[in-house]
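Hi,

Here is the structure I said I would pass on.

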Amino acid sequence: MVLVCASPNTDTHTPQAHDTFESDVVCAFDEATALLQARKAELLASSCAIRTEKTAKLDAQKEVLRSASSNVREVLKKVEGALAEADQFTLLSASQSVAALRQQTVLRPESVAPCTNATLFSSVGDVRALLSQIPLMCLVSPGDDATGMFNLGVRYEAGTGVKQDGTQAVSWFRRAAEAGNTSAMNKLGVCYKKGTEVEKDDPQAVSWFKSAAEANNALAMNNLGLCYSNGIGVEQDVKQAVSWYRRAAAAGNAKAMNNLGCSFFNGHGVEKDATHAISWFRRAADAGNTTAMRYLGECYEDGTGVEKDATQAVSWFKRAAEAGDAEALNKLAECKKGMGSRSTSRRQPRGSGGFKNSAGVQH
């Protein structure tokens, strides 16, 4: 047997082989370290980007919260100021108030949608709940709101929600009228006609009625008609009166319809025509005018303009009485005694006496 020794060049345990192995390990370690360093740098960059994005979102949310808080403070200031000086503000209905507040603030869900702070949501909700629960009204600065000024005048006139004050009422009616509110113009006319909180001045009353009537206010049209009919503040002109009654009636004013009926019945400003009179009385009665209901009853009672009909007469007297007409109640009492037993000396037939126009002006 021949034994062959291994060549020194193939011995893996020689110092040269050991050095090569160690070099390979060091290279591998360096590569791993480089990879780890690169990965660490990537993670650091990613973390910075995430932090920057979150910071931007937080800043945006803070801005929304700051804006919302500012609006809450502004709204509360308005409410506090209004409650402290109610005579400087206008009362609106609850539904109008909520709408007005929503228009004035940015406290809508979409405005705070990015926010995740439950406490803030709760506080904003509490403020909105507080504001919406102001009973039946909210105090809002009238500014250039003519309707608001008029409504405030009405409240001062009636003492609704504020201490009754006729002087304040007239003051607000005047401001509203000067701002173009026709209801306020008519109210001022009534004040001057009656001398309420102002010196009685019929020409001034007519002036305000005319301003409102020419702006298509039906109440003022009828009131102006009454002034022309009776020569109050103007030269009497029954034809002008009828003209204004017609316009007011066309706009749905029941009192004007009744006044037109009286004009036709009495032949004032128009040719006397009982049929037309009955027609207008009926329209006024159907629109709720109690005087017209009673007049219809009297026409049926006398057989004036219609066929005499005691049943119809009682029916109309009853409707008028149930609607609060005191004279109709008296008529019913007479009917119970028996209309046929009454002498004609107790009341002239309407055909000779005529009906009176509704004398009172409408507010």
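Start with the rings: Phe265, Phe281 and Tyr295 come together as one aromatic cluster. Bear in mind throughout that this is a predicted model. Phe281 belongs to helix α11 (residues 274-286) and Tyr295 to helix α12 (residues 290-302), so the pair ties together parts that are 14 residues apart in sequence. Both Phe281 and Tyr295 are buried.

The structure has three aromatic pairs. One of them is Phe150 with Phe173, a tilted pair with 5.7 Å from centre to centre and 35° between the planes. Here the link is between helix α4 (residues 146-158), which holds Phe150, and helix α5 (residues 166-178), which holds Phe173, so parts 23 residues apart in sequence are tied together. These two phenylalanines, Phe150 and Phe173, are buried as well.

Which residues make the contact between α10 and α12? First the geometry: helix α10 (residues 254-266) packs against α12 at an angle of about 35°, the axes being 10 Å apart. The crossing of α10 past α12 is left-handed. On the α10 side the contact is made by Asn258, Cys262 and Phe265, and on the α12 side by Thr291, Ala292, Tyr295 and Cys299. Phe265 and Tyr295 from that list are also members of the aromatic cluster with Phe281.

Leaving aside residues up to four places away in sequence, Ala292 touches Asn258, Phe281, Ala284 and Ala285. Phe355 is 63 residues away from Ala292 along the chain, yet their C-alpha atoms are separated by 10.0 Å.

Now for the α12 and α13 packing. These helices meet at an angle of about 165°, with axes 7 Å apart. Angles over 145 degrees count as roughly antiparallel, and α12 and α13 are therefore roughly antiparallel to each other. This is again a left-handed crossing, with α12 passing α13.

Is Lys308 buried or exposed? Lys308 lies in the loop between α12 and α13 (310-322), and with a relative accessible area of 61% this lysine is exposed. Even so, Lys308 touches Tyr300, Glu301, Asp302 and Gly303, not counting residues up to four places away in sequence. From Lys308 to Glu298 is ten residues in sequence and 9.6 Å in space, C-alpha to C-alpha.

- Glu197 is not a glycine, but has a positive phi of about 60°. Glu197 is in the loop between α6 (182-194) and α7 (202-214), where a relative accessible area of 47% makes this residue partly exposed.
- Asn216, also not a glycine, has a positive phi of about 75°. Asn216 is in the loop between α7 and α8 (218-230) and counts as exposed at 55% relative accessibility.

For the overall picture, the protein chain comes to 15 helices and two strands. Of its 363 residues, 36% count as buried. Taking contacts between residues at least 6 apart in sequence, 56% join residues at least 24 apart.

Finally, the confidence. The chain has a mean pLDDT of 78, and 68% of its residues reach 70 or more. Where does the pLDDT stay under 50? One such stretch is residues 1-12, for which the model has three contacts beyond four places in sequence. Another is residues 97-124, where the pLDDT is below 50 and the model has 33 contacts beyond near neighbours in sequence.

Cheers

Key
Residues are numbered from 1 along each chain as its sequence is written. This is a predicted model: local features need pLDDT of at least 70, side-chain atom pairs count only at pLDDT 80 or more; totals for chains, interfaces and linings use all residues. Side-chain values use heavy atoms; hydrogens and water are left out. Rings of Phe, Tyr and Trp (its six-membered ring) pair if their centres lie within 6.5 Å; planes under 30 degrees apart count as stacked, over 60 as edge-to-face and the rest as tilted. Helices (H or I, at least four residues) and strands (E, at least two) are DSSP runs, numbered from the N terminus. Buried means under 20% relative accessible area, exposed over 50%, partly exposed in between (1.4 Å probe, protein chains only). pLDDT is the predictor's confidence in each residue, from 0 to 100. Contact means heavy atoms within 4.5 Å. Axes are lines fitted to C-alpha atoms, for helices over the stretch in contact, and angles run from 0 to 180 degrees between N-to-C directions. Angles under 35 degrees count as roughly parallel, over 145 as roughly antiparallel, 65 to 115 as roughly perpendicular and the rest as oblique. A crossing is left-handed if the near helix is turned anticlockwise from the far one by less than a right angle, and right-handed if clockwise.
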